[in-house]
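Subject: Handover of a structure, with findings

Dear colleague,

Please find below the structure that I am handing over to you. After it, I set out what was found.

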Amino acid sequence: MEHMEVQFDFVEKNGGACVTKIFSPGAACVIPETLSGLPVTELGDKALAQTGVEEVFLPRTLRRLGRYCFYGCERLSHIHFYGGPLETGGGFLTACGCLRELTAHMDPSERSALRDFVTEASGRLLVHYLLPGPDGEEHEAARLLFPVYYDEAVENTPARITVSNIHGTGQKYRYCFEDKRVRFDKYDRLFVYETAEESVTAAAEIAVSRLMYPHGLWAEARSAYGDFLKEHRREVFLDSLGKMEVFKWLMAHGPDGEPGSLADGLPREETETLLLEASRRKMGEISGMLMEFKYHKFPEKKKKFEF
């Protein structure tokens with residue numbers, strides 16, 4: 001099969017390069033920081049529209065995303081972008097129904113276009129929120145889930161009006177921004193709606209993500225997340241069987257996120273149910289961890305014989 005190299009058409013604009021069209025982007029498209037010595041500052045209108053791209057890496061130098069630049073990218077599932085000033089054009093994520101993940105490389109100001117990304121897409125979005133550490137190396141400081149929502153238009157024929165009904169908690173979560181920053185306190189206060197309106201597993205995923213990566217997490221919210229996990233231990237562990245990172249964290253941390261184990265509150269019967277399910281799914285490593293936990297938590301009593 002002949003290999004097609006990605007090609008960029010661009011024009012010079014305000015001292016930078018505006019990419020007008022990307023040819024043969026492939027499944028993963030890395031947009032360079034410079035083209036012909038010019039910093040890439042803009043992705044033009046419809047530059048990647050209706051391509052088969054699945055993952056896009058935007059450059060640190062980018063300052064504008066054009067209108068409908070990702071229009072109709074039906075396979076696009078993950079976008080990487082940088083914090084700082086980034087203007088977004090209308091409809092830039094229109095018809096990107098598979099978008100599920102964002103990686104935001106934030107600078108210390110924590111201002112970004114993240115709100116534009118999550119409000120443009122109504123589906124469930126997982127955001128990896130990266131910040132530079134004291135050593136200058138990036139680390140995942142927060143992991144945020146923005147639930148799905150959809151707008152249903154209901155026609156009231158006699159009155160000749162249409163009423164719009166919003167379903168799902170996702171719209172509420174998309175209002176937890178201020179001055180281009182995430183308001184983590186607002187985000188965490190919405191958990192009460194998630195527990196009331198969504199499934200246990202959906203709410204648990206938000207709780208675990210915030211406890212695993214607790215940037216901006218305040219004490220009251222930490223307690224609320226922990227109490228929910230304690231109340232639903234069995235469901236939380238069953239859902240985590242297919243998520244090795246989450247399962248290992250749950251086994252090594254208590255409901256408050258401190259060292260311990262959420263599994264300590266599981267009774268013997270539920271531990272055995274988890275072990276059987278992990279064995280059924282042929283999850284060797286998880287089965288081994290559960291067997292070791294069961295051995296120490298519920299040791300077999302030695303039989304005594306009287307003569």
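By class, how many nonpolar, polar and charged residues does the lining of the largest cavity have? The lining is made up of 6 nonpolar, 1 polar and 2 charged residues. Please bear in mind throughout that this is a predicted model.

Cavity and pocket

The largest pocket has a volume of about 200 Å³. It is lined by 13 residues, and the closest to its centre are Glu-205, Val-208, Ser-209, Lys-243 and Val-246. Two elements, helix H5 (200-212) and helix H7 (233-240), each give two or more residues to this lining. The largest share, 5 residues, comes from H5. Sorted by class, the pocket lining has 5 nonpolar, 3 polar and 5 charged residues.

Strands and sheet

In general, the strands of a sheet pair through backbone hydrogen bonds, in either a parallel or an antiparallel arrangement. Both arrangements are found here. Strand S1 (residues 7-13) pairs with strand S2 (residues 16-23) in the antiparallel sense, over 7 bridges; within this pairing, Gln-7 has Phe-23 of S2 as its bridge partner. S1 and S2 form a hairpin with 2 residues between them, and Asn-14 in the turn has a positive phi of about 50°.

Strand S10 (residues 101-105) and strand S11 (residues 125-132), by contrast, pair in the parallel sense over 5 bridges. Here the bridge partner of Glu-101 is Leu-126 in S11.

S10 and S11 belong to an open sheet of 6 strands with mixed pairing, in the order S3-S6-S8-S10-S11-S12. Strand S3 (28-30) and strand S12 (138-146) stand at its edges; each has a single partner strand, so one side of each is left without a neighbour in the sheet. From one strand to the next, the twist averages 15°.

His-80 lies in strand S8 (residues 78-82). Is His-80 buried or exposed? His-80 is buried, because its relative accessible area of 11% is under the 20% cut-off. Leaving aside residues up to four places away in sequence, His-80 touches Glu-55, Val-56, Phe-57, Leu-58, Thr-103 and His-105.

Residues in loops

Most residues other than glycine have a negative phi. Two loop lysines have positive values. Lys-180, in the loop between S15 and strand S16 (181-182), has a phi near 65°, and at 46% relative accessibility Lys-180 counts as partly exposed. Lys-282, in the loop between helix H9 (268-280) and helix H10 (284-297), has a positive phi of about 60° and counts as exposed, at 77% relative accessibility.

Tyr-175 is placed in the loop between helix H2 (170-173) and strand S15 (177-178). At 55% relative accessibility, Tyr-175 also counts as exposed. The C-alpha atoms of Tyr-175 and Arg-268 are separated by 43 Å, and the two residues are 93 apart along the chain.

With kind regards

Note on methods. Residues are numbered from 1 along each chain as its sequence is written. This is a predicted model: local features need pLDDT of at least 70, side-chain atom pairs count only at pLDDT 80 or more; totals for chains, interfaces and linings use all residues. Side-chain values use heavy atoms; hydrogens and water are left out. Helices (H or I, at least four residues) and strands (E, at least two) are DSSP runs, numbered from the N terminus. Buried means under 20% relative accessible area, exposed over 50%, partly exposed in between (1.4 Å probe, protein chains only). Contact means heavy atoms within 4.5 Å. On a 1 Å grid over the protein atoms alone, a cavity is a set of points where a 1.4 Å probe fits but cannot get out, and a pocket is an open set with protein on both sides within 12 Å along at least five of seven lines; lining residues have an atom within 4 Å of a point. Grid points are joined across faces, edges and corners, and a volume is the space filled by probe spheres set on the points. Ala, Val, Leu, Ile, Met, Phe, Trp, Tyr, Cys and Pro count as nonpolar, Asp, Glu, Lys and Arg as charged, and the others, Gly among them, as polar. Two strands pair if DSSP finds at least two bridges between them. Axes are lines fitted to C-alpha atoms, for helices over the stretch in contact, and angles run from 0 to 180 degrees between N-to-C directions.
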